[in-house]
Amino acid sequence: MKQGKVFVISGPSGVGKGTVCRLLMEKYPFLAGTTVSVTTRSPRPGEVDGVHYYFRSEEAFDEMVKQGLFLETVDKFTYRYGTLFSEVERILAEGKNVILEIEMKGGKNVKARIPEAVLIFILPPSLEALTERIVGRGSETEEEIRRRQSEVEEEFDQADGYEYFVVNDVLEDAVEKVKSIILAEGMKDSLASVKKNYFGRN
Ligand code: ADP
Ligand code: 5GP
């Protein structure tokens, strides 16, 4: 069986990455799985340890870095975030594609280590719609909202190297677009490997 691929999904805070990924998993549970990252930030209301993140102290995070457990880590908003190798391997072992919902620096670090990884950037229909979504989510303080807003343009600047740009306007459409990318990428191959499959030689 062909092994799954790694897909990085990034985009400005509040654009709907989490929502798109959740619905994709719900509708197509056999297509892909999302990893659970480690973070040093505190859980928001409703967030559960081991489900949304592994919430860990700075010290525990440092220890995990020392042990070489991370595919990539990043420092953002004074917090630390990291993708565990074990999470990626768990999903590949289930025969699924892997979705990493991480920010752009991390995405590019993943691409440097796994060149076949595919980088997808989720766009809002407009900057106004983005602000409305962040405010509507109601999970950040006003100060946090302002800080995240001031970083939006910078976030776009950081998306060089991203290969697919998906506008999250109608949610269901965005989910279908991401699904199409995953399916199309799964059909990419070389003639040599196809021939090997059929004839046992290149
Ligand atoms: P992110 O993970 O990118 O930070 P979220 O998934 O938390 O963003 O979404 C931010 C807010 O926008 C949530 O309240 C969510 O319900 C809403 N949202 C997501 N996608 C859409 C969409 N296509 N249309 C309208 N609202 C959306
Ligand atoms: P939040 O605090 O809103 O959950 O996440 C803040 C940002 O960190 C988001 O852009 C999210 O995608 C990103 N993020 C979450 N986990 C990871 C991770 O493991 N690695 C990297 N590089 N970014 C992450």
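Start with ligand 1: select it, and you are looking at the space of the largest pocket. A pocket is found on a 1 Å grid over the protein atoms alone, as an open set of points with protein on both sides within 12 Å along at least five of seven lines. A molecule sits in one if more than half of its atoms lie within 2 Å of its grid points.

The model is predicted; local features need pLDDT of at least 70, side-chain atom pairs count only at pLDDT 80 or more, and totals for chains, interfaces and linings use all residues. Residues are numbered from 1 along each chain as its sequence is written, chains are lettered from A and ligands numbered from 1 in the order in which they are written, and side-chain values use heavy atoms, with hydrogens and water left out.

**Stop 1: around ligand 1**

Show the 14 residues that surround ligand 1. A residue counts as near if one of its heavy atoms lies within 4 Å. Gly14, Thr19, Arg137, Asn168 and Asp169 are the closest. By class, three of the shell residues are nonpolar, six polar and five charged. Here Ala, Val, Leu, Ile, Met, Phe, Trp, Tyr, Cys and Pro count as nonpolar, Asp, Glu, Lys and Arg as charged, and the others, Gly among them, as polar.

Next, select helix H1 (17–27) and helix H5 (127–137), the elements that each give two or more residues to this shell. H1 gives the largest share, three residues. Helices (H or I, at least four residues) and strands (E, at least two) are DSSP runs, numbered from the N terminus.

Now look for polar contacts (pairs of N or O atoms within 3.5 Å). One oxygen atom of ligand 1 is 2.8 Å from a polar backbone atom of Lys17. At Gly16, a polar backbone atom is 3.0 Å from a ligand oxygen. In the side chain of Arg133, an N or O atom is 3.2 Å from a nitrogen of ligand 1. How much of ligand 1 does the protein cover? The protein covers 72% of the 570 Å² of accessible area (Shrake-Rupley method, 1.4 Å probe) that ligand 1 has on its own.

**Stop 2: around ligand 2**

Move to ligand 2, which sits in the largest pocket. Of the 16 residues around it, Ser37, Arg41, Tyr53, Glu72 and Tyr81 come nearest. The shell holds four nonpolar, four polar and eight charged residues.

Select Tyr81: an N or O atom of its side chain is 2.5 Å from an oxygen of ligand 2. A polar side-chain atom of Glu72 lies 2.6 Å from a ligand nitrogen. For the side chain of Glu103, the distance to a nitrogen of ligand 2 is 2.7 Å. The protein covers 94% of the 510 Å² that ligand 2 has on its own. Strand S5 (70–76) and strand S6 (79–84) give two or more residues to this shell.

**Stop 3: zoom out**

Colour by element: there are nine helices and nine strands.

Conventions:
A polar contact is a pair of N or O atoms within 3.5 Å; within protein, one must be able to donate a hydrogen and the other to accept it, and residues adjacent in sequence count only if both atoms are side-chain atoms. On a 1 Å grid over the protein atoms alone, a cavity is a set of points where a 1.4 Å probe fits but cannot get out, and a pocket is an open set with protein on both sides within 12 Å along at least five of seven lines; lining residues have an atom within 4 Å of a point.
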